[in-house]
Amino acid sequence: MHKIGIMGGTFDPIHNGHLRAAEEVREALYLDRVIFIPAGQPVLKLDKKLSSAQDRLNMCLLATAGNPHFSVSDLEIQRAGLTYTVDTILELRGLYPNAQLYFIVGTDAAETFHKWRDADKILENCCLVVVSRPGENKGEHSRNYQYLDICQMDISSTKIREAVAKGCSISYLLPEAAAQYISKHELYRDEISRFTAILAAELSRPRYQHSMSVMEEAVALGKHHGADADTLKKLEIAGLLHDCAKNWSEEMPYSQVAEICARGGYVLDGFFAKTPALAHGYMGAVLAQEKYGITDPEIISAIANHTFADQNMSFIDKIIYLSDFIEPTRAPSEDREAARQLAYKDIDKALLFVLELTIRRNLERGRNVYQKSIQAKEFLEEQNGKR
């Protein structure tokens, strides 16, 4: 009699633990093959956000391609509505009327199996194989219910997704072909993790650490001053990307920096000709749109204005400007500590303090001061009754 193993799951993503379990069951029970079946809309995971069915199916196909005893079925993905195991087993029974079916599950699933829809009907049509660790508590064997000790790997799809989101390696946790698919299609990366991965590759280590620190400082400062979740997200993105053009602006000739800035409506004057890197905020605002897909005008404005400030700055503009100055990876000083304390008490007073300090220092060192900084300082003085 033909003996077929059935391995169901969300497989988001499939990993070496799934593959090794399937291989050990196949070998122990002399199965002719094991069919991997990615779930469509599993009823027990309606509250979970899954990768697309096509992505999960593709990863399964790539992961199993090297084993002639493994195959992949899309029957649950193609089926409309919620996914119930009993429907899958009955469909397979119809496809393979003369085969012995073995449905492979883990111990966690086995503990709740009695609650599954039509559990008895599942057992009437297949043998339930519960894979367990050696020494793990086992239930009773029956004709259609048995336990099998296997070598369990401490790997989970959740851990893999978390590792990808953090930009950590997932090598040796799943087949390389599946790992490459995740990378190519940017699965499991939210905006922040995708941006972080790009910046880590493009920025110097100190500048990358500075960008991460500005992001964290901006969120902390925003929370302290009562920012809502939407504003905090904008602060997170603006803080992370505020220096996204710094390396490029240092390496490019002035003409190229000016051309990029002009694409975003930032017309540079002679102030930047000698030191194009000073325009990295304006250039960063353009790259944030063109390279990182940022469309929110508040985020773009905060990136553009974090170097020189501007008149009538928004809450987000001010937080990013201050966070860039006070974040803890910068060299400590009495002035920086004074600015930090002010920032957590009164944002406008802190902003005025930093602008005055920066203008004074530049003048003392014989440097030109950009007019926008002077205008921002004067505007704040008017707003706060200092003129």
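Select Val129 first: this residue stands opposite Gln146 in strand β6. Strands (E, at least two residues) and helices (H or I, at least four) are DSSP runs, numbered from the N terminus. The model is a predicted one, in which local features need pLDDT of at least 70 and side-chain atom pairs count only at pLDDT 80 or more, while totals for chains, interfaces and linings use all residues. Residues are numbered from 1 along each chain as its sequence is written, and side-chain values use heavy atoms, with hydrogens and water left out.

**The sheet**

Two strands pair if DSSP finds at least two bridges between them. Now display the six strands of the open sheet, which follow the order β3-β2-β1-β4-β5-β6 with parallel pairing. At its edges are β3 (70–72) and β6 (145–149), each of which pairs on one side only. From one strand to the next, the twist averages 30 degrees.

Next, select helix α1, residues 16–28. This helix packs on the sheet and touches β1 (3–9), β2 (33–38), β3, β4 (100–106), β5 and β6. Contact here means heavy atoms within 4.5 Å. The direction of α1 makes about 145 degrees with that of β2; axes are lines fitted to C-alpha atoms, for helices over the stretch in contact, and angles run from 0 to 180 degrees between N-to-C directions. Then select helix α4 (residues 85–95), which lies across β1, β2 and β4 and runs at about 155 degrees to β4.

**Around the loops**

Move to the loop between α4 and β4, where Ala99 is placed. Is Ala99 buried or exposed? Its relative accessible area is 8%, so Ala99 is buried; buried means under 20%, exposed over 50%, and partly exposed in between (1.4 Å probe, protein chains only). Leaving aside neighbours within four places in sequence, Ala99 is in contact with Met1, His2, Ile4 and Arg93.

Select Pro13 in the loop between β1 and α1. A cis peptide bond, with omega of about 5 degrees, joins Asp12 and Pro13. Most peptide bonds are trans, and most residues other than glycine have a negative phi.

Two residues with positive phi can be visited next. Asp118, in the loop between α5 (107–111) and α6 (119–125), has a phi near 50 degrees and counts as partly exposed at 39% relative accessibility. Tyr172, in the loop between α7 (157–165) and α8 (176–184), has a phi of about 75 degrees and counts as exposed at 74% relative accessibility.

**Helix α14 and the cores**

Which part of the structure encloses helix α14, residues 280–290? Nine of its eleven residues are buried, so α14 is largely enclosed by the rest of the structure. Among the buried ones are His280, Tyr282, Met283 and Leu287. The cover over them includes α12 (246–251), α13 (254–263), α15 (297–305) and α19 (371–383).

Finally, select Leu241, Tyr282 and Ile294, which touch the most other members of the largest nonpolar core, a group of 63 residues. A nonpolar core is a set of buried Ala, Val, Leu, Ile, Met, Phe, Trp, Tyr and Cys residues joined through side-chain atoms within 4.5 Å. Apart from this core lies another, of 34 residues, which includes Leu29, Val34, Val129 and Ile155.
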